[in-house]
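Biologist: Hi! Could you walk me through this fold in plain words?
Modeller: Happy to, let's look at it together.

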Amino acid sequence: MIMRILGEGQYDIADEHLEQLNHLDTALQKPADASDEMAFASALSALLDAVRSLGTPLPNETITPSDLVLPDETTSLPQVRDLLSDEGLIPG
């Protein structure tokens, strides 16, 4: 799966890491629902850090459609709340 972090780049994520990322995505949903901005910022940072560490960065010159686009760390809680579905940011 190709994931893009807005303003940063794309990462190729192996299927074996999706469960871990979904767990972090669920952890992001809870503070977003509770409007807990501090916990939300921490959870978003943890999710993005995991994408960076588990994924393989794609070269900037590689043009590939992203399967999923994630907000960057400066995205506000209300903006991310608009992106969240029943499955969070990461479906599955």
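Biologist: In what sense do strand 1 and strand 2 pair?
Modeller: Strand 1 (residues 2–5) and strand 2 (residues 9–12) pair in the antiparallel sense, over four bridges. Strands here are DSSP runs of E with at least two residues, helices are runs of H or I with at least four, and both are numbered from the N terminus. Two strands count as paired if DSSP finds at least two bridges between them. This is a predicted model, so to speak about local features we need pLDDT of at least 70, and side-chain atom pairs count only at pLDDT 80 or more, while totals for chains, interfaces and linings use all residues. Residues are numbered from 1 along each chain as its sequence is written, and side-chain values use heavy atoms, with hydrogens and water left out.

Biologist: Which residue in strand 2 is the bridge partner of Ile2?
Modeller: Asp12 is the partner of Ile2, and Arg4 stands opposite Gln10.

Biologist: And how many residues lie between the strands in that hairpin?
Modeller: Three, and Gly7 takes a positive phi near 75° in that hairpin.

Biologist: What does Tyr11 touch?
Modeller: Leaving out residues up to four places away in sequence, Tyr11 touches several residues, including Met1, Val51, Arg52 and Thr56. A contact means heavy atoms within 4.5 Å. Tyr11 and Thr56 are 45 residues apart in sequence, yet 5.2 Å apart in space, C-alpha to C-alpha.

Biologist: Now helix 2, how many residues does it have?
Modeller: Helix 2 has 18 residues and reaches 25 Å from its first C-alpha to its last, close to the 26 Å expected at 1.5 Å a residue. That expected span is 1.5 Å times one less than the number of residues.

Biologist: Which residues of helix 2 are buried?
Modeller: They are Phe40, Ala43, Leu44, Leu47, Leu48, Ala50 and Val51. They cover an arc of only 155° around the axis, which puts them on the same side of helix 2. The arc is that of the directions from the helix axis to the C-beta atoms.

Biologist: What's on the face turned away from the buried side?
Modeller: That face of helix 2 carries the exposed residues Met38 and Ser53.

Terms used:
Buried means under 20% relative accessible area, exposed over 50%, partly exposed in between (1.4 Å probe, protein chains only).
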